[in-house]
Amino acid sequence: MNDYMQVRFDVEPCSEMATDVLAAVLAEIGYESFVPDERGVTAFVPQGKYDETRLKEELSQYPIGGVSVTYEATFVAGRDWNEEWEKNYFKPIVVGDECVIHSTFHTDIPQARYDVLIDPKMAFGTGHHETTTLMLQAILASDLTGRSVLDMGCGTAVLGILARMKGAASVVAVDIDEFAVENAIENIRLNHVSGVEVRLGGIEALKQESFDFIFANINRNILLADMHAYVACMKRGSRIFMSGFYVEDIPFIRAEAEHLGLRFVGYAEKNRWVAVEYMSD
């Protein structure tokens, strides 16, 4: 059973920056999904990773002065998640006027060139978070016809599914979370796409192989630690898109990428979250 803790955080005074920073802090200690609103944010963490002592320590060091954060945690059984998400959080979205992402329980779905069906359960990556949207936009803007793709930190596999719909020859989707891997496989089947291989693990799951495109939507620290492994999977002309961090983190990412011989192409931004693009010469 994949049980979770739902933690309600009330932020005062509440602002988009305050909830974004809070989400970034929580992501570092294992929280996976975040739903902001006008009063704060509701976050979800696997029950086994819920550590109230560490949570209190992190909140005591919350980096924005003059902001108070209070919280209340409740248990959410894994079997209840689909209903909870359907009722409260996951709504159909359209990305770039070309792609619609929705679930099996949705009605009145907008028409789009690429129709992606996602039953998210508890895996991250429905397209609602800025980083996922930025990566989806990068895929929509890229010519993937006949190309090989790596979806690192795949979550629901929404990126890999869209890549195959856009003509990618093959996709490898990797995630460290067993539940995410199970959900990714289910979503691939829902969309009736082939050529997507799902692997459980981190960089150790990568073999002696190369990719034309790499999409890594994780977080700054993991990207910095694992970027060398991604570069080892690139050949001349390969492109890598990385997201999961803020505009102010770009210099750290850029320093490591250029140290590894990558060339900066550009970046896209949404609400201070960014996706950066690099190329292997």
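1. Strands (E, at least two residues) and helices (H or I, at least four) are DSSP runs numbered from the N terminus, and two strands pair if DSSP finds at least two bridges between them. The model is predicted: local features need pLDDT of at least 70 and side-chain atom pairs count only at pLDDT 80 or more, while totals for chains, interfaces and linings use all residues. Residues are numbered from 1 along each chain as its sequence is written, and side-chain values use heavy atoms, with hydrogens and water left out.

2. A hairpin of three residues joins E2 to E3. Strand E2 covers residues 33-36 and strand E3 residues 40-46; they pair in the antiparallel sense over four bridges. Within this pairing, Val-35 stands opposite Thr-42 in E3.

3. An open sheet of three strands has the order E5-E6-E7, with mixed pairing. Its edge strands are E5 (93-95) and E7 (114-117), each pairing on one side only. From one strand to the next, the twist averages 25 degrees. Strand E6 (residues 99-102) and E7 run parallel and are joined by four bridges. Ile-101 has Val-116 in E7 as its bridge partner.

4. Helix H4 packs on this sheet and touches E5, E6 and E7, its direction making about 45 degrees with that of E5. Contact here means heavy atoms within 4.5 Å. Axes are lines fitted to C-alpha atoms, for helices over the stretch in contact, and angles run from 0 to 180 degrees between N-to-C directions. Helix H5 lies across E6 and E7, running at about 145 degrees to E7.

5. H4 (residues 130-141) and H5 (residues 158-165) also pack against each other, at an angle of about 15 degrees and with their axes 10 Å apart. The two are therefore roughly parallel, a term for angles under 35 degrees. From H4, Thr-132, Met-135, Leu-136, Ile-139 and Leu-140 meet Val-158, Leu-159, Leu-162 and Ala-163 of H5. The residues of this contact divide into eight nonpolar, one polar and no charged. Ala, Val, Leu, Ile, Met, Phe, Trp, Tyr, Cys and Pro count as nonpolar, Asp, Glu, Lys and Arg as charged, and the others, Gly among them, as polar.

6. For helix H7 (residues 220-232) and helix H8 (residues 250-259), the axes come within 10 Å and cross at roughly 10 degrees. H7 is therefore roughly parallel to H8. Arg-220, Leu-223, Leu-224 and Met-227 in H7 meet Phe-252, Ile-253, Glu-256 and Ala-257 in H8. By class, this contact has six nonpolar, no polar and two charged residues.

How values were computed: Parallel < 35°, antiparallel > 145°, perpendicular 65-115°, else oblique.
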